[in-house]
Structures are given as structure tokens and as C-alpha cells.
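Please take a moment to look over the chain before reading on, and keep the sequence beside the three-dimensional view as you follow the text.

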Amino acid sequence: MTDDVQTTIAALSQRLRRLEDLQEIQQLFIDYGHHLDHGDFAAYASLFADDGEILLGPMGRATGPAEIQALMERTLAGRVGDTYHVISSPMIELAGDTATSVVMWTVVARNADGGSVVTMIGRHEDDLVRERDRWRFARRRGFIDIPSTYRKP
């Protein structure tokens, strides 16, 4: 193989890896909302690194999948199915086996008439890490940008 062909193959491999990383990280965001909304807190916690940390303001903070699962079970188990998360606008900066991201979230609930109502809007700011060949949250910080005034019917 010539040097030009090897250089082209290396460049294509790097580009493919970048696209795969971006897609996997975006799927991580989707899985986060899905597991949260369906009350699968074990699967939710598995999205975090072994020493991963979640900081959700007044809702709580936890480190490691076991603590994260316990936090979610303690604070959300009785409310599963009441709301759904819409995950949007991911901004991802890759740096090898680490990354940072900002992703928006919107919480939607069912109103008294059976329709939908947006209850709050916010964002997550993340530090991500490739651990055991999978992207995971190393640190996830949640922020509420538009707080809720909604009361469950």
C-alpha cells in the first residue's frame, strides 16, 4: 500500500470513529430519558461510569450506579408514568475517550383534560467518558431554566 492510501484509510477511520462516538453519545441521552420515564432505574444507573456522579439540584446528588439507582427510586418511583422527557439540541465536544456536552430537556405531563402540558425546561451539562468500550456519564449536572408551576390534576 502506498503512503497516500494508508493516510486516506487512517483519515477515514478517524472520521468513522468520530461519527460512531457522536451517535453513541446521542443514544446515551435518549436512553437516559427512556429509562427515567419508564422507571427502569437499574438501566438508568448503568448509563453512568463506575464512579459517575449525578447532581440534580434539590432532587439530590449521588455517586456510582448503586447510589444513583437508589436516589432515583427514592425520589421518582411513585411518579413513574406521570411525565415524559423530550431530549433535544445536543452539543457535544469530543476529546479522545472523554467528551463534554450540553443537552436540553423538556418535561411534558398529562393535564386534567388528558392533553399535554409542558411542565419545565432545563439542560444537562455533562462530562462523558468511554469506559469498557461504552460511552457513559462521568458527571451529569442538571439545571432548571424554566421552573414548573404545574400541579398534578
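Does H35 count as buried or exposed, or as something in between, and what is its relative accessibility? With a relative accessibility of 16%, H35 counts as buried, where buried means under 20% relative accessible area, exposed means over 50%, and partly exposed lies in between, using a 1.4 Å probe and protein chains only. Before going further, note that this is a predicted model, in which local features need pLDDT of at least 70 and side-chain atom pairs count only at pLDDT 80 or more, while totals for chains, interfaces and linings use all residues. Residues are numbered from 1 along each chain as its sequence is written, and side-chain values use heavy atoms, with hydrogens and water left out.

The chain holds three helices and six strands, and from the N terminus on these elements follow the order α-α-β-β-α-β-β-β-β. Helices (H or I, at least four residues) and strands (E, at least two) are DSSP runs, numbered from the N terminus. Along its principal axes, the C-alpha trace spans about 70 × 30 × 25 Å, and of the 153 residues in the chain, 32% are buried.

H35 lies in helix 1, an element of 35 residues that reaches 51 Å from its first C-alpha to its last, close to the 51 Å expected at 1.5 Å a residue; the expected span of a helix is 1.5 Å times one less than its number of residues. The buried residues of helix 1 are D21, L22, I25, L28, F29, Y32, G33, H35, L36 and D37. Not counting residues up to four places away in sequence, H35 touches D40, A43, Y44 and L47, where contact means heavy atoms within 4.5 Å. A11 is also found in helix 1, but with a relative accessibility of 35% it counts as partly exposed. Between A11 and H124 there are 113 residues in sequence and 32 Å in space, taken from C-alpha to C-alpha. Just after helix 1, G39 takes a positive phi of about 70°.

We can now turn to helix 3, which covers residues 65-76. Within helix 3, the residues I68, L71, M72 and L76 are buried. They cover an arc of only 95° around the axis, which puts them on the same side of helix 3; the arc is that of the directions from the helix axis to the C-beta atoms. The face turned away from this buried side carries the exposed residues A66 and R74. What covers the buried residues of helix 3 includes helix 1 (3-37), helix 2 (41-45), strand 1 (48-55) and strand 2 (61-63).

Strand 1 contains E53, which is buried, with a relative accessible area of 18%. Leaving aside neighbours within four places in sequence, E53 is in contact with F48, R61, A62, T63, A138, R139 and R140. For the chain as a whole, among contacts between residues at least 6 apart in sequence, 50% join residues at least 24 apart.
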